[in-house]
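Thank you for making time for this today.

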Amino acid sequence: MTKDMNVTVTTTEAINFDWLEARVATLIEDEGPIDPGESLIFYGLDSLRVMKLAGELKEHGITVSFEDLAKDPTLNAWSALIDARKGG
Amino acid sequence: MRARVAKARAVYDDWQVALGQLRAALPTCRVAMRSADCAGGARERRAAQHDAGRRAAAAAGMDLTGMSCLAGRGADGAPEWPNGLCGSISHCGGCSVAMVGALAHWSGLGIDIEQHLNTDIAAEIAPVALTQSEQDEFGCDPLQVALAFSAKESLFKALNPLIKKRFDFDAAELCWAGGCEPQLRLVYDLSPEWSAGRTIQPILIPCRAGVLTAVALSA
């Protein structure tokens, strides 16, 4: 479990929906499809993994808090949030 | 298969040591752990965790009250407790733990279990999970980061139902009063009663399986 969470990203990667979907798939350790409108809690995404994603985004210069992510934990909501913060 | 079951059993046994210490620290609360089957995909694992958490809550509630005690589920996914009780549930890998107490004694109870962090993950989450003051004090020490992260999770679970307000990891910081007594100090006002500077004493229990933390707010 820890090994999968260790996959790191480089700062040259494009932070877009595909990146987000791939990162979340790694974090939940499942290769199956993810419904972009469904709560990621139902896929087993826990607080530590949400925090890890917030940390990765911060490394890419995108500041989102844990609470920003936790209040609407879906791929669609996170993608919109990230786009908004990139623009900000 | 046999190796996976044996490992899960060993982790479960490791947690029991920490649970024993928690029971000793909070004798009026009841704590129970149940195992979840971690086979299958992410959704199946999560469903198994949820089921194990509810079974743990039922066992802790039965131990406390002598009656059947089924925790419901609120819109935000947090457990809803029968009248007269409070508590919380935490999941980590194949183990789910629940802590239950009487509202006559406790206004809020929070419990959290986390696996040990490795140095990479600790370094990654520290800038988001820890305040600047905590980062200055703890650096990226994996144990300290895990304890601070987990203690804030426990604080949220105990306090959120009371003040009915969500708050982030920057709302409190872990410090060591006198170098040995852990305290969570509120960084900003959460409510008139829970204002900046107020301190709460968390219970921090590192063990071989990971870290267990709890916050118990007196009635």
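Predicted model: local features only at pLDDT ≥ 70, side-chain atom pairs only at ≥ 80, totals over all residues.

Which side chain meets that of Lys52(A) in a salt bridge? The partner is Glu124(B), with 2.3 Å from N to O, a salt bridge being a side-chain nitrogen of Lys or Arg within 4 Å of a carboxyl oxygen of Asp or Glu. Side-chain values use heavy atoms, without hydrogens and water, residues are numbered from 1 along each chain as its sequence is written, and chains are lettered from A and ligands numbered from 1 in the order in which they are written.

Coming back to that pair, Lys52(A) and Glu124(B) are both buried, where buried means under 20% relative accessible area, exposed over 50%, and partly exposed in between, with a 1.4 Å probe and protein chains only. Lys52(A) and Glu124(B) also belong to a network of salt bridges with Arg23(A) and Glu56(A).

Within chain B, Lys152(B) and Glu134(B) form a salt bridge whose closest N and O atoms are 2.6 Å apart, and both residues are buried. In another salt bridge, Arg185(B) and Glu173(B) have their closest N and O atoms 3.1 Å apart; here Arg185(B) is partly exposed, at 31% relative accessible area, whereas Glu173(B) counts as buried at 11%. Over all chains, the count comes to 17 salt bridges.

Finally, the sheet: three strands of chain B form an open, antiparallel sheet in the order 1-5-4, strands being DSSP runs (E, at least two residues) and helices likewise (H or I, at least four), numbered from the N terminus, and two strands pairing if DSSP finds at least two bridges between them.
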